[in-house]
Amino acid sequence: MHALSLRKLSKTFKGGVVALRDIDLDVEEGDFFGLLGPNGAGKSTLIGIVCTLITRSSGEAEVFGYDIEKQAWQAKCLLGVVPQEFNFNGFETVEQIVLNQACYYGIRRREAKWSCERYLRELGLWEKRRAVSRTLSGGMKRRLMIARALVHKPRLLILDEPTAGVDIELRRSMWRFLERINREDGVTIILTTHYLEEAESLCRNIAIIDEGRIIENTSTEALLTRLNTHAFILDLASPIARTPDIPDFPIKRLSDSRIEAEIRRDQSLTDLFAKLAEAGVRVSSMKNKANRLEELFIRLLDNKLDDEGRQTVSARGA
Amino acid sequence: MYWERSLVALATIARKETTRYLRIWMQTLLPPAITMALYFVIFGNLIGPRIGPMDGYSYIDFIVPGIIMMAVITNSYSNVVSSFFGAKFQRHVEELMVSPTPNAIILLGYVSGGVGRGLLTGFIVTIVSLMFTSLQIHSLFITCSVVLLTSILFSLGGFINGVFARKFDDVAIVPTFILTPLTYLGGVFYSISLLPDFWQVASLANPVLYMVNAFRYGILGAADINIWVAYALILLFIAILGSFSLHLLNRGVGLRS
Ligand SMILES: Nc1ncnc2c1ncn2[C@@H]1O[C@H](COP(=O)(O)OP(=O)(O)O)[C@@H](O)[C@H]1O
Ligand SMILES: [Mg+2]
């Protein structure tokens, strides 16, 4: 069962900004899924469409098989959203905000009390339940929105940059909380984030979105494996006809005079050059391909451009 | 099941709306009580005796229904427009939009807030008026039904204004440039029989005139117009504004980009 399923989802805002282009995305039930991408990539737009705050231009979106517009009642009852911007009434108390939200789902106040108390306690807001929301600190406001999103017991929780501007200690306690509701309550979680460490430590699967397109969708593990290797583009002094076979170093032939080599962290560049020389391959210059998620970002984004844009490092004398 | 749950949501919105205007009573309930008391003092007590009877009633008795109605109209309208615009502005309207609450329930909830404040202010102004004159009610049913329907109508008007409002200024434009003139020219302070022929006919195009007069009929038993025409007109306007509001909500106008 897919907790979320998007098919050819597109959004063009009034004024012509194309925020999403033919997004296809499936998130399995029970998954902890990360949606990564630079600012303006379309993450919030995607989430806005799923929770019906933004209208889609075309395509389909289903939550547990229910179309978000045609079967809105079922879809919305299964969905909880923590938006990027604070959007609660600053004059209401913490408890009122959470209880009212439950009532909008048709849950009676009396019945909602239990679930309200549970989440306020777990998120460390119980002592603040009578506080007027605008007096809370930024981190508390964020947690208030998480409690509000969970009070009706959704099966899918979507969080849009939940830890932005939250200090590291609190961020970690929020991680533990999210992990627990994912593991123990089986709530499927999708989160967008800027902190790559966050995606790395929490998410089982990751999609990377840029300029409204999904440019990568894979397991965190697979992504990390790629990160432990450094990739270089090597320009050759003399053209080669076929891919040279270099033991321990995966090589890709990009053209007659250009190859790509992957080097693990524990391998040395000198080794690579020695082995290349043995195979009769002479390198004239080398371009760096990046590393770790941040740089993977750049790598993935760069791949869409041509290969020329990269920093050129002369390899002579290396 | 569906309706039962919707009712829980409706009760919640209605309670929220009620607490909102009660919490800020200094801005919502007190000003109309003061303004209307001033009208009674100035027009009723000071100037009224010099004007003499209007339609056969003492001037203060004549203006009391109109002034109550004026309070109901402005308060119903401004409650919904400011509350809904505020919810948009602070974005907490999104709490409702992401929930499965049907649009009709959202509309009903906001209208109930406007009606609540409209009627409560009407009641307060009535109490104030009793300090200046005594009221004999000609028909309780007509009085209550006209005030309720008018309050619903202007709550809907306020809702539509709230949907289209993009900045705080937009909240005041309609009340200042449309609502106030229509109310003042709607026979609150005079009987249209005093007007030249042309303006008598022109006044008949003013919907507020029908409401004020129907309400006055409920209290005094006299009106410039046929009260059944007034009922028909109010109901027609409610139907039009109600379906338009719902249409706007369904389309997400001013709410969804
Ligand atoms: N309401 C809107 N009207 C017009 N353009 C918008 C609107 N919301 C977002 N955009 C544009 O859509 C693109 C994607 O934005 P967004 O989804 O907020 O990105 P992200 O959340 O990944 O930072 C950006 O170019 C942004 O400027
Ligand atoms: Mg965003």
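Modeller: Helices, of at least four residues, and strands, of at least two, are DSSP runs numbered from the N terminus. Please keep in mind throughout that this is a predicted model.

Biologist: With that in hand, in which helix do Glu179(A) and Arg176(A) lie, and how many residues apart are they?

Modeller: The general idea is that an α-helix has 3.6 residues a turn, so residues three or four places apart point the same way. In this case both Glu179(A) and Arg176(A) belong to helix α6 of chain A, which covers residues 168-183, and they are separated by 3 residues, or about one turn of the helix. Their side chains meet in a salt bridge, with 3.0 Å from N to O, and Arg176(A) is partly exposed, its relative accessible area being 40%.

Biologist: How many salt bridges does the structure hold over all chains?

Modeller: In general, side chains of opposite charge can pair when their charged atoms come close. Over all chains, the structure holds 21 salt bridges.

Biologist: Which parts of the chain are linked by the pair Asp235(A) and Arg258(A), and are these two residues buried or exposed?

Modeller: The side chains of Asp235(A) and Arg258(A) form a salt bridge at 2.9 Å, N to O. This pair links distant parts of the chain, since Asp235(A) sits in strand β11 (residues 229-236) of chain A and Arg258(A) in strand β13 (residues 258-264) of chain A, 23 residues apart. Buried means under 20% relative accessible area, so Asp235(A), at 15%, counts as buried, and Arg258(A), at 13%, is buried as well.

Biologist: What is the accessibility of Arg264(A) and of Asp266(A), which meet in a salt bridge?

Modeller: For this pair the N to O distance is 3.2 Å; Arg264(A) has 42% relative accessibility and counts as partly exposed, whereas Asp266(A), at 61%, counts as exposed. Elsewhere, salt bridges with shared partners join Arg56(A), Asp67(A), Glu69(A) and Lys70(A) into one network.

Biologist: Turning to chain B, how far does helix α7 reach, and how many of its residues are buried?

Modeller: Helix α7 of chain B (residues 140-164) has 25 residues and reaches 37 Å from its first C-alpha to its last, which is close to the 36 Å expected at 1.5 Å a residue. α7(B) is mostly covered, with 19 of its 25 residues buried.

Biologist: Finally, into which domains is chain A divided, and how far apart do their C-alpha centres lie?

Modeller: Chain A is divided into domain 1, residues 2-224, and domain 2, residues 226-318, and the C-alpha centres of these two domains of chain A lie 40 Å apart.

Key:
Residues numbered from 1 in each chain as written. Chains lettered and ligands numbered in written order. Predicted model: local features only at pLDDT ≥ 70, side-chain atom pairs only at ≥ 80, totals over all residues. Heavy atoms only, no water. Domains from an automatic or database assignment. Salt bridge = Lys/Arg side-chain N within 4 Å of Asp/Glu carboxyl O. Buried < 20%, exposed > 50% of the residue type's maximum accessible area, 1.4 Å probe, protein only. Expected span 1.5 Å × (residues − 1).
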